[in-house]
Amino acid sequence: MRTAFTTCPLCEATCGLELTIEGDRITGVRGDRQDTFSGGFLCPKGASLGALDADPDRLRGPLARRGGSFEAVSWGEAFALVDRGLSEIIGEHGRDSVALYLGNPTVHSLAGGLYAGGLRKALGSRNFFTAATVDQMPKHVSSGLLYGGMYSIPVPDVDRTDFLLLLGADPFSSNGSLWTVPDVPGRLKALRRRGGAFVVVDPRRSRTAAAADQHLAIVPGTDVFLLLAMVNELFAASLVDLKDLAPHVNGVEGVRELSRPFTPEAVAARCGIGAEEIRALTHRLAAASRAAVYGRIGTTTVEFGTVASWLVDVLNVLTGNLDRVGGAMFPMPAHMRRGTGSGKGFATGRWRSRVRGLPEVAGEFPVVTLADEIETPGEGQVRALVTVAGNPALSVPNSGRLDAALSTLDFMVSVDPYLNETTRHADVILPPPPPSRRAHYDLAFLSFTVRNVAKYSRPPVPLGADEVDEGEILLRLTGILAGLGADADLDALVGLSGESGYSREERLLDARLRAGAYGLSVDDLLERPHGVDLGALTSRVPEVLRTPSGRIELCPEPIAADVPRVLAALRRPVDGLVLVGRRHLRSNNSWLHNVPALVKGKQLCTLLVNPADAARLGLEDGGPARVASRVGEVEVTVEVSADMAAGVVSLPHGWGHDRPGTRLATARAHPGVNVNLLTDDLAVDPLSGTAVLNGVHVRVTPSAVQ
């Protein structure tokens, strides 16, 4: 028996874990109380790491489809099959005939962070898709337009703020998102103990909203109107004060003009929050000595996701709280260099998708159009697909359509540890090793921390004789797509040469750390297994900016051009029920539903319905209901809850484990229903290509199914 320390890879909080290991198995998991960042905090997901690691349904070697069923094959044979399948299609139909999809778990992996970009470059196809366009892309676009860099996303300095406004977010359940913040409940309790307050805007009384000083139940998808009205009130009441930011901001008057039609009275009925409540909230924000505004999934996966994301930062700027202690600040990760204060800026639409003409954003197309590209004949039709750590058959709107389209592909390869709803369509499945066999450093999430930290850990358990590490899998695929075959020199692919006592990933990470802002090394991090505390967040404007002007562009033209569409929607009548998603502390997309401890007990996948709506519709608590939208319908169990606002119903995402051909015994026993059989693949935020997953119009009726 021995002890090893690592970082939890299951959500964005990056909590330190203390593992008890016997042989090659994790037999105990607890929070690392010496961790410099998380201090021992542990949620149910992290506590389940041992069960996830040892899941009997987890694939331990590659599978290949033979005669309609899967058979185990050697790694060499698997890579040879992939080489033949992809090379034939590229040779006959060109590189655009192969699409690449990167799922959310890619950014939870050191190998994914190091090698996914090279994999994409080697493919050379315009048909590149990721989970970002069913999640956070609006925040990347708004940050790119404001600051010149799509990853320059400010986060609330929660440990030093006096007032926090959260919109469309439930960090008590999600542990934070685009905001790396272990122990949100503890940090928000500390905020209140020092005399501060936080307010939650959400159509549901979530766990976070229940703990807040104030909860405002907004109509889903209308955060954009509330935020514009708050901007309007800041100008009308002469509350705008940029403080030290003033010399670094362009476009303040442009924002004033855009906000003029959106008075509190004009938006109140549409967003369900009274005009005086809007004014009081605005004045409370402006009066706070240190304040921050934060918006997440409820503000991004909506009709005006980019404009709403932009307005979150506009409020932080106009109240002088951006880049200020206790406000919204820019972390400085150890593997990144400091900026020069200007750059090329950010643009979208350099090319468009073949079928729907949707613009490229950050080099990718909206995943809502993947089915179009597979189904539609012609030059550039997608005939083969590579998926890495994703489950788009569940996560993409109108997923029944995409699920059917996947079955028509000429070839598909998936890097995934499970035979799941997506990979059941693959010709070859290449499973990465479990978390215990992986090194860990958070290339993505250390860019969003509430305190500058750095942590690296080697694999707690060595690879088995028949296991291939995730980095090698991705690099073998890269070599194949680059035309170098399955036996390419992997070190040469990433520019390494010579012998070293470090792994390939450690050599690449070490180079980044040494060139980074603090001049650290892998050895520095290995010597401190509980992490290196690099200090509280500090001001980074203007250094962080990448705009050609070297200033914050507060009123970027693409967003200004979209505001008339917002105004038209303000005047549009809205009737009927709308559907929103939700998160649960024991769930993370579709990843964890095969872990018994995380799905036991009370059913998690239910339709939350307000009591008044239930009575009006004839729905009973625990009874069945049929939910229908433009694209589909599902049967689901009703949960009547006063936590849900009237006129709104809620289904969690990531469920629907009832498809044939999977090997997910626990998930199949708790299948739930797939909310994305209801969401619409034609509804997108045009600036980011992000799917509209919240505020979907639905019809709900009692079901005869018992």
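Helix 3 passes helix 18 in a right-handed crossing, meaning that the near helix is turned clockwise from the far one by less than a right angle. This is a predicted model, where local features need pLDDT of at least 70, side-chain atom pairs count only at pLDDT 80 or more, and totals for chains, interfaces and linings use all residues. Residues are numbered from 1 along each chain as its sequence is written, and side-chain values use heavy atoms, with hydrogens and water left out. Helices (H or I, at least four residues) and strands (E, at least two) are DSSP runs, numbered from the N terminus.

**Helix 3 with helix 18**
- Helix 3 (residues 75-93) packs on helix 18 (residues 470-481) at about 35°, with the axes 9 Å apart; axes are lines fitted to C-alpha atoms over the stretch in contact, and angles run from 0 to 180 degrees between N-to-C directions.
- On the helix 3 side, Trp-75, Phe-79, Val-82, Asp-83, Leu-86 and Ile-90 meet Ile-473, Arg-476, Leu-477, Ile-480 and Leu-481 of helix 18, contact being heavy atoms within 4.5 Å.
- That contact of helix 3 with helix 18 holds nine nonpolar, no polar and two charged residues (Ala, Val, Leu, Ile, Met, Phe, Trp, Tyr, Cys and Pro count as nonpolar, Asp, Glu, Lys and Arg as charged, and the others, Gly among them, as polar).

**Helix 10 with helix 14**
- Here helix 10 (residues 252-259) and helix 14 (residues 305-318) pack at an angle of about 120°, their axes 12 Å apart.
- Helix 10 and helix 14 are therefore oblique to each other (under 35 degrees is roughly parallel, over 145 roughly antiparallel, 65 to 115 roughly perpendicular and the rest oblique).
- Val-252, Val-255 and Leu-258 of helix 10 meet Trp-310, Val-314 and Leu-318 of helix 14.
- The residues of this contact of helix 10 with helix 14 are six nonpolar, no polar and no charged.

**Helix 4 with helix 20**
- Helix 4 (residues 110-123) and helix 20 (residues 504-515) pack at about 80°, with axes 11 Å apart.
- Helix 4 and helix 20 are therefore roughly perpendicular to each other.
- Leu-110, Leu-114 and Tyr-115 in helix 4 meet Arg-504, Glu-505, Leu-508 and Arg-512 in helix 20.
- By class, the contact of helix 4 with helix 20 has four nonpolar, no polar and three charged residues.
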